[in-house]
Amino acid sequence: MEQISSLYIILAGILWGIISLFVTQLQSAGLSSMQIVSVRVFFSAVIMVLFLLIRDLKRLKIKLRDLPLFFGTGVLSIVFFNFCYFKAIELTGGAAVPALLLYTSPVFVMILSMILFGEKLSVRKIVSLAVTLTGLAFVTGVFYGKETVSLDVIIFGLGSGFGYALYSIFGKYLLPKYKPVTITAWTFIMASVFSVPFSGVVCKIPQLISSGSLPCGAALAAVSTVLPFLFYTKGLEKTDAGKAAVLATIEPLVAAAAGVFFLGEKLTVMKIAGMLLIFSAIIILNTKSTE
């Protein structure tokens, strides 16, 4: 059973890793990064609500006093990190570097948890932070005096990592009160409420229909959002969180492969070295320790 659970988590990482294929198609249809965020969260909210209406309606029930926390997961985290991530993909024309920068999120979680929850900064965490920063230096070209990634990409990429980290922080306050499926559903509902009206995506609906890109928006939500969440949650039933986090790091590797084979992205030796260092840092951070 544990092998099957691991397979679910790996499959979730693969589906998250191919997100750039949908994003680039929507960008070519004329949608801005924020409009793509709106499409993703709206369709995801619809799918999640329909899922709960069929499976377990009571899971949609929440307390009004917790709405600010769902604003945190939905707007401050999901909307912000998706916008930064999609913007980084737009600027690079690929997914490898944005995906790796997104996966700096464990470092932000570590720092924020130390500040907010008083978690100790162990030697393992310090080593992970140092390896991550070294990997970023390789990816961006700092060590050999030749910039390969623009400052804008670095800012948006790290912004996506920070926004992604906020989901874990706000989620830590919500998990004692609600099931993960409830948190996810309301996260996308809040994200939709605050992003759709202000993104101008409604005006682009005729354009999406005429270009045939509307199904791509639905696929972005179903294939690279809702399905991987369900697979990941299912996998967590028989897999500890640390192992799951390591298995999910297949996402940036799949993103890199998708960028090379489908988007014409080029990878240098130094970028690959940096990616391997960041990948190693994630494993170090999520490996069980006796400290």
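A: Let's start with helix 6, residues 105–116, which gives the most to a nonpolar patch: 4 residues. (Helices are DSSP runs of H or I, at least four residues long, and strands are E runs of at least two, numbered from the N terminus.) Keep in mind that this is a predicted model, where local features need pLDDT of at least 70 and side-chain atom pairs need 80 or more, while totals for chains, interfaces and linings use all residues. Numbering runs from 1 along each chain as written, and side-chain values use heavy atoms, leaving out hydrogens and water.

So who is in the patch? Ile-111, Met-114, Ile-115, Leu-116, Leu-121, Ile-126 and Tyr-173 form it on the surface. Together they have about 620 Å² of accessible area (Shrake-Rupley, 1.4 Å probe, with only the protein chains shown as cover). Patch members have over 30% relative accessible area and no salt bridge; nonpolar side chains (Val, Leu, Ile, Met, Phe, Trp, Tyr) are joined within 5 Å, like charges within 9 Å. Leu-121 is found in the loop between helix 6 and helix 7, the latter covering 123–140. Leu-121 counts as partly exposed because its relative accessibility is 41% (under 20% is buried, over 50% exposed, the rest partly exposed; 1.4 Å probe, protein chains only).

Now turn from the surface to the inside. The largest nonpolar core has 67 residues, and Phe-70, Tyr-85 and Phe-86 have the most contacts inside it. Helix 9, residues 180–199, gives the most to this core, with 9 residues. (Such a core is a set of buried Ala, Val, Leu, Ile, Met, Phe, Trp, Tyr and Cys joined through side-chain atoms within 4.5 Å.)

Phe-70 is buried, at 0% relative accessibility. Another tilted pair is Phe-81 and Tyr-164, with centres 4.9 Å apart and planes at 35°. This one links helix 4 to helix 8 (residues 151–174), so it ties together parts 83 residues apart in sequence. Phe-81 is buried at 8%, but Tyr-164 is partly exposed at 27%. Phe-70 also turns up with Tyr-178 and Trp-186 in one aromatic cluster.

The whole structure has 4 salt bridges (a Lys or Arg side-chain nitrogen within 4 Å of an Asp or Glu carboxyl oxygen). Back in helix 4 (residues 67–92), Glu-90 and Lys-87 sit 3 residues apart, about one helical turn. Their salt bridge has its closest N and O atoms 3.8 Å apart. Both are partly exposed: Glu-90 at 38% and Lys-87 at 23%. Elsewhere, shared partners join Asp-56, Lys-58 and Arg-59 into one salt-bridge network. Asp-56 meets Lys-58 at 3.0 Å, N to O, and Arg-59 with its closest N and O atoms 3.1 Å apart. Within this trio, Asp-56 is buried at 19%, Lys-58 is exposed at 59%, and Arg-59 is partly exposed at 26%.

Terms used:
Rings of Phe, Tyr and Trp (its six-membered ring) pair if their centres lie within 6.5 Å; planes under 30 degrees apart count as stacked, over 60 as edge-to-face and the rest as tilted.
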